[in-house]
Amino acid sequence: MAPSDRSFTDPRELASKAYADSRNLAARTSLYRYQEPAVDFVGWALDHVPWSSQRVVDVGCGPGGYLRRLATHRGLRLLGIDVSRGMLRDLVRDWTCEAPLPSLAVADARAIPLRDGCCDVVLAMHVLHHVPDIALAIGELRRVLGPGGVALVATNHSTAHLAELDELCAASIRALSAQPARLPSRRRFSLDGGDALLGRQFASVERHDLPCVLRVPDVEPVMAFVDSRRSWIEPLLPADIAWEAMRCEIERRLAAILGERGTFDVETRAGVFVCRV
């Protein structure tokens with residue numbers, strides 16, 4: 001792994017920087033309040049699984065958005081795991097459901113601390129692109145599922161997703177340096193090819209896409225999104241570009257776009273894979 005990529009895939013780096021707590025994730029999620037059409041992605045994703053009395057593990061549960069929704073279903077036995085203690089602390093702090101707090105554990109998707117075949121449903125929501133060995137993590141998802149089990153895997157990575165925002169960042173880097181722009185890859189695990197990786201472990205894989213557009217009318221939420229990705233982008237910058245210089249250039253370009261068009265429009269392409277044993 002190249003040193004510049006560690007901030008995006010190394011569990012220790014992720015747990016201490018990008019996901020030391022839930023603030024960066026909240027900044028990225030907040031941009032989706034400008035989504036058209038407005039969609040409850042959590043509910044949309046979970047509707048792809050018929051819920052009854054099941055044993056469920058959420059791998060990479062973060063601050064618990066999916067677990068909170070699942071806690072409203074009677075009879076589910078829930079476990080959330082994440083590499084970040086800070087994320088789990090925020091989950092506990094912000095748990096307002098009447099349902100009991102799920103079981104929680106600090107663990108890596110490459111080594112889920114459960115015995116073979118003990119789960120009915122496993123979630124891996126927006127997490128596999130961060131795992132150093134994606135194939136190993138997918139094997140773990142399969143290992144812990146029993147007969148008839150289902151893995152629900154979400155990603156918002158694809159060649160189309162947030163392309164306008166990525167180009168805004170890349171153009172700013174090009175304007176400040178003669179060196180080529182690099183950004184974190186959206187192709188490590190994405191809608192474009194994720195089904196092939198999952199198909200090596202699962203008998204069937206169904207892909208469901210949810211294309212939308214973000215129409216953002218202000219500079220601040222976009223800059224908050226950019227700042228939330230600093231720990232991933234800054235190590236990739238050419239040596240002659242400081243973070244603040246790039247940030248100022250992005251803000252200048254964004255203000256010009258808003259002045260001309262009124263909104264900064266960004267295409268999103270999220271989706272889920274429903275994988276059956």
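A: Val122 is buried, at 1% relative accessibility; buried means under 20% relative accessible area, exposed over 50%, and partly exposed in between, with a 1.4 Å probe and protein chains only. The model is a predicted one, in which local features need pLDDT of at least 70 and side-chain atom pairs count only at pLDDT 80 or more, while totals for chains, interfaces and linings use all residues. Residues are numbered from 1 along each chain as its sequence is written, and side-chain values use heavy atoms, with hydrogens and water left out.

Val122 belongs to strand β5 (residues 119-125); helices (H or I, at least four residues) and strands (E, at least two) are DSSP runs numbered from the N terminus. When neighbours within four places in sequence are set aside, the contacts of Val122 are Val57, Val59, Leu141, Leu145, Val150, Ala151 and Leu152, where contact means heavy atoms within 4.5 Å. Ala15, by comparison, is 107 residues from Val122 along the chain, and the two C-alpha atoms are separated by 22 Å.

Glu140 is in helix α7 (residues 134-143). Glu140 also counts as buried, at 11% relative accessibility. Beyond its neighbours within four places in sequence, Glu140 touches Ala109, Arg110, Ala111 and Ile112. The loop between β5 and α7 holds His126, whose phi is near 60°, a positive value in a residue other than glycine. His126 is partly exposed, with a relative accessible area of 25%.

Leu162 likewise has a positive phi for a residue other than glycine, near 55°. Leu162 sits in the loop between β6 (145-155) and α8 and is buried, at 2% relative accessibility. A further backbone feature is the peptide bond from Glu36 to Pro37, which is cis, with omega near -10°. Pro37 lies in the loop between β1 (35-36) and α4 (41-46).

Two packed helices are described by the angle between their axes and the distance between the axes. Helix α8 (residues 163-176) packs against helix α12 (residues 243-261) at about 120°, with axes 9 Å apart; axes are lines fitted to C-alpha atoms, for helices over the stretch in contact, and angles run from 0 to 180 degrees between N-to-C directions. The two helices are therefore oblique to each other, given that angles under 35 degrees count as roughly parallel, over 145 as roughly antiparallel, 65 to 115 as roughly perpendicular and the rest as oblique. The crossing of α8 over α12 is right-handed; a crossing is left-handed if the near helix is turned anticlockwise from the far one by less than a right angle, and right-handed if clockwise.

On the α8 side, Leu168, Cys169, Ala171, Ser172, Ile173, Ala175 and Leu176 take part, meeting Ala245, Met246, Glu249, Ile250, Arg253, Leu254 and Ile257 of α12. By class, this contact has 11 nonpolar, one polar and two charged residues, with Ala, Val, Leu, Ile, Met, Phe, Trp, Tyr, Cys and Pro taken as nonpolar, Asp, Glu, Lys and Arg as charged, and the others, Gly among them, as polar.

Another helix pair joins α3 (residues 23-30) and α10 (residues 219-228), at an angle of about 145° with axes 8 Å apart. Here α3 passes α10 in a left-handed crossing. Asn24, Ala27 and Arg28 of α3 make the contact with Ala224, Phe225, Asp227 and Ser228 of α10. Its composition by class is three nonpolar, two polar and two charged residues.

Aromatic rings form the next topic. Rings of Phe, Tyr and Trp (its six-membered ring) pair if their centres lie within 6.5 Å; planes under 30 degrees apart count as stacked, over 60 as edge-to-face and the rest as tilted. The count by this rule is four aromatic pairs. Among them, Phe189 and Phe273 are edge-to-face, 6.0 Å centre to centre with 75° between the planes. This pair links distant parts of the chain, 84 residues apart: Phe189 is in the loop between α8 and α9 (194-199), and Phe273 is in strand β8 (residues 264-276). Phe189 is buried, with 1% relative accessible area, and Phe273 is buried at 0%. Elsewhere, ring pairs link Phe8, Tyr19 and Trp232 into a cluster.
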